[in-house]
Amino acid sequence: MEGGNQTNSFEFLLWGLSEQPEQQNILFLLFLWIYVITVAGNLLIVLAIGTDAHLHTPMYFFLASLSCADILFTSTTVPKALVNIQTQSRSISYTGCLVQLYFFLTFGDMDIFLLATMAYDRYVAICHPLHYKMIMSRRRCTLLVTACWILTSLVAMTHTFLIFRLSFCSKKIIPDFFCDLGPLMKVSCSDTQVNELVLLFLGGAVILIPFILILVSYMHIVSAILRVPSAQGRHKAFSTCGSHLAVVALFFGTVIRAYLCPSSSSSNSIEEDTAAAVMYTVVTPLLNPFIYSLRNKDMKRALGRFLRGKVFFSRGQ
């Protein structure tokens, strides 16, 4: 059946989160709570930053953008997984699968690009503090985030179009709990060599180039911090970067494992791939609000003021 001629009646079957029937209720409650906490936590970050003028700075603008992307990212996969668990169904329509794939790639790549942008922001703040306000102007910050959205949309559109051209065998089980590039290529009945090459080069570039830029940024940051004579100054500089580094390590570690490390089609390998996918699609968006708020005094104060109803709309010093 040709990809371009497949209709809404064509369905895929998803492997899901577990093959064990007795685990389904536990998984449903666990992932429901994780989803609610993830959305609520990231939404609180966005609202606290938006309503407190003290946090209207480039660093928090990028953090709010990351929280928005995380809400959309986790909402692309988890609700469908919850519905499938509750209805004891594994099905997803062909159209629904491609739509999920497009938005998953868009918001997932947006996370990657935003983490690189945040590293650049910290590099400018620590290595070029006198020129920080000029370099990271409001206009430039807006352009950076807009460029990230445009690039991620184009990358996602490219991958989705190439998947659309493939043929698929009826009732094939996608070895994951959502529609992703690798699992979809595994169940295709046609030649996927072009898709694999594009995934290797374009997908690899989307992951590795930002990752390398982050590493280079932090090499310069660490070098600059070590030259600070005051121990208190070094501690403050390291503390502003610690949260970001923790998120980068968690997110990129699991993404690189999922996309750049080959796996077989065995049951154990599928379970390992699913576990890696859960880490970067579910766990990382859950932990981001806690990592950034618990390690950041300004963020904790802003959240406290917001929850008490004391918000600051006027620009503070």
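**Bonds and rings in a predicted model**

Modeller: A search of the whole structure, which is a predicted model, turns up one disulfide.

Biologist: Which residues does the disulfide join?

Modeller: C97 and C179. Their sulfur atoms lie 2.0 Å apart.

Biologist: Why is the link between C97 and C179 called a disulfide?

Modeller: The cut-off is 2.5 Å between two cysteine sulfur atoms. C97 and C179 stand at 2.0 Å, so they count as a disulfide.

Biologist: What makes C97 and C179 a link between distant parts of the chain?

Modeller: They are 82 residues apart. C97 is in helix α3, residues 94-127. C179 is in the loop between β3 (173-174) and α6 (181-186).

Biologist: Is the link of C97 and C179 left-handed or right-handed?

Modeller: Left-handed, with -120° about the S-S bond.

Biologist: Are C97 and C179 buried or exposed?

Modeller: Both are buried.

Biologist: On to charges. How many salt bridges are there?

Modeller: The count comes to one. The side chains of D121 and R122 form it.

Biologist: Why is the contact of D121 and R122 called a salt bridge?

Modeller: The N to O distance is 2.9 Å. The rule asks for a nitrogen within 4 Å of a carboxyl oxygen, so the pair passes. Both D121 and R122 are buried.

Biologist: And the rings. How many aromatic pairs are there?

Modeller: There are 15 aromatic pairs. One of them is F12 with Y94.

Biologist: What makes the pair of F12 and Y94 tilted?

Modeller: Their planes are 40° apart. Under 30 degrees would be stacked and over 60 edge-to-face, so this pair is tilted. F12 is in strand β1 and Y94 in helix α3, 82 residues apart. Both F12 and Y94 are buried.

Biologist: Why is the pair of Y102 and F103 called edge-to-face?

Modeller: Their planes stand at 75°.

Biologist: Why are Y102 and F103 called partly exposed?

Modeller: Y102 has 21% relative accessible area, and F103 has 37%. Both values lie between 20% and 50%, so both residues are partly exposed.

Biologist: Which residues do ring pairs link into a cluster?

Modeller: F73, F104, F177, F178, F211, F251, F252 and Y280.

Note on methods
Residues are numbered from 1 along each chain as its sequence is written. This is a predicted model: local features need pLDDT of at least 70, side-chain atom pairs count only at pLDDT 80 or more; totals for chains, interfaces and linings use all residues. Side-chain values use heavy atoms; hydrogens and water are left out. Buried means under 20% relative accessible area, exposed over 50%, partly exposed in between (1.4 Å probe, protein chains only). Helices (H or I, at least four residues) and strands (E, at least two) are DSSP runs, numbered from the N terminus. Rings of Phe, Tyr and Trp (its six-membered ring) pair if their centres lie within 6.5 Å; planes under 30 degrees apart count as stacked, over 60 as edge-to-face and the rest as tilted.
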